[in-house]
2 protein chains.
Amino acid sequence: MNTIAEVISPEKLLSHWQGHRNLTRRVIEAFPEKDFFEFSIGGMRTFSALTSEILAMGAPAMKGIVEKQETPFQEDSEHLTTKAAYLEKWDKATEQINYYWNQLKVEDFQETFNLFGYYNFPVIENILYLIDNEIHHRGQGYVYLRALGIEPPHFWER
Amino acid sequence: MNTIAEVISPEKLLSHWQGHRNLTRRVIEAFPEKDFFEFSIGGMRTFSALTSEILAMGAPAMKGIVEKQETPFQEDSEHLTTKAAYLEKWDKATEQINYYWNQLKVEDFQETFNLFGYYNFPVIENILYLIDNEIHHRGQGYVYLRALGIEPPHFWER
């Protein structure tokens, strides 16, 4: 195996994602309890609802990819009502993502997989989508925090 | 060169970025002219100011990386006052990014480069930062559009 062909290694891409996940965790923490569940702008979802989506994607997607199970996307399989419960689920997902990621071989990233029985793309594209979607929604959380007069964590601190 | 070692190829990462850039372009287009320059939430920058930052990063960063010039980050080197002028600069940047990208060899992505004389990281990390920063700020633009009662383009359409 010639490492010259790599633009990014599996290990570094995982660390890149987990760095983003660590930042998202701090954005969740920055919300006042009530606003996490109630505040929104322009009819958009609350940050707890956006977090539910992110949680329904990350670890379940990695499990599906590794176990080749096209289990449909399912949000809010459990109804969480406190920030603490979200953070606990977040930390479990961190472990699950690491666990499944470490079972992926480098060649698996190019395999086409029908994620959630719906997104039929190479695994690398599905994984980039998970990361990008989290950055996208977290950026929206930054606006919510600013609108609430709260300084969000620095984007570059992971 | 063994392609098995790749998680993502340079060509696919460029296409991934340009797909995101195409979406950001449509977000710029979705703003009413006045709101692009004036609307903001919670004391944040307008979407024109965020776009200026994105433009000051993408193509200039690629030029710096390829020419190994640690030119400092410089925003608003020209003062644009219409959406049309932003879109024109956007399209020029699209060409410039392609031009410089195609001069990068696959092994260059692992080289450490002090981008803008300030961000001393492997080229791949600097490039992921450019992409992530654009997704982050565009996500904020989505909230601005929703607050203005405008439906943003679908996130998954690139």
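How are H1(B) and H4(B) oriented relative to each other, roughly parallel or roughly antiparallel? In this predicted model, helix H1 (residues 10-30) of chain B packs against helix H4 (residues 83-101) of chain B at an angle of about 175 degrees, with the two axes 11 Å apart. Angles over 145 degrees count as roughly antiparallel, and H1(B) and H4(B) are therefore roughly antiparallel to each other.

**The contact of H1(B) with H4(B)**

On the H1(B) side, the contact is made by Leu14(B), Gln18(B), Arg21(B), Arg25(B) and Ile28(B). Their counterparts in H4(B) are Lys83(B), Tyr86(B), Leu87(B), Trp90(B), Thr94(B) and Trp101(B). Sorted by class, this contact of H1(B) with H4(B) comprises six nonpolar, two polar and three charged residues.

**Helix H1 in chain B**

The 21 residues of H1(B) should span 30 Å at 1.5 Å a residue, and the end C-alpha atoms of H1(B) are 30 Å apart, in agreement with that value. The buried residues of H1(B) are Leu13(B), Trp17(B), His20(B), Arg21(B), Leu23(B), Thr24(B) and Val27(B). Viewed down the axis of H1(B), these buried residues fall within an arc of 160 degrees, so they line one face of the helix. An α-helix has 3.6 residues a turn, so residues three or four places apart point the same way. The cover over the buried residues of H1(B) includes helix H3 (47-67), H4 and helix H5 (123-147) of chain B.

Ser15(B) also lies in helix H1 of chain B. Ser15(B) counts as partly exposed, because 13 C-beta neighbours lie inside 10 Å. Although Ser15(B) and Arg158(B) are 143 residues apart in sequence, their C-alpha atoms are 9.9 Å apart in space.

**Helix H1 in chain A**

Helix H1 (residues 10-30) of chain A has 21 residues and reaches 30 Å from its first C-alpha to its last, close to the 30 Å expected at 1.5 Å a residue. Its buried residues are Leu13(A), Trp17(A), His20(A), Arg21(A), Leu23(A), Thr24(A) and Val27(A). They cover an arc of only 160 degrees around the axis, which puts them on the same side of H1(A). The face of H1(A) turned away from this buried side carries the exposed residues Glu11(A) and Gly19(A). Among the elements covering the buried residues of H1(A) are helix H3 (47-67), helix H4 (83-101) and helix H5 (123-147) of chain A.

**Contact between the chains**

Between the two chains, 32 residues of chain A are in contact with 32 residues of chain B. On the side of chain A that touches chain B, the elements giving two or more residues are H1 and H5 of chain A. H5(A) gives the most to that side, with 12 residues. By class, the residues of the side of chain A that touches chain B divide into 18 nonpolar, 10 polar and four charged.

Most residues other than glycine have a negative phi.

Terms used
Residues are numbered from 1 along each chain as its sequence is written. Chains are lettered from A and ligands numbered from 1 in the order in which they are written. This is a predicted model: local features need pLDDT of at least 70, side-chain atom pairs count only at pLDDT 80 or more; totals for chains, interfaces and linings use all residues. Helices (H or I, at least four residues) and strands (E, at least two) are DSSP runs, numbered from the N terminus. The expected span of a helix is 1.5 Å times one less than its number of residues. A residue is buried if 20 or more other C-beta atoms lie within 10 Å of its own, exposed if 12 or fewer, and partly exposed in between; C-beta atoms are placed from the backbone. The arc is that of the directions from the helix axis to the C-beta atoms. Two residues are in contact if their C-beta atoms, placed from the backbone, lie within 7 Å. Axes are lines fitted to C-alpha atoms, for helices over the stretch in contact, and angles run from 0 to 180 degrees between N-to-C directions. Angles under 35 degrees count as roughly parallel, over 145 as roughly antiparallel, 65 to 115 as roughly perpendicular and the rest as oblique. Ala, Val, Leu, Ile, Met, Phe, Trp, Tyr, Cys and Pro count as nonpolar, Asp, Glu, Lys and Arg as charged, and the others, Gly among them, as polar.
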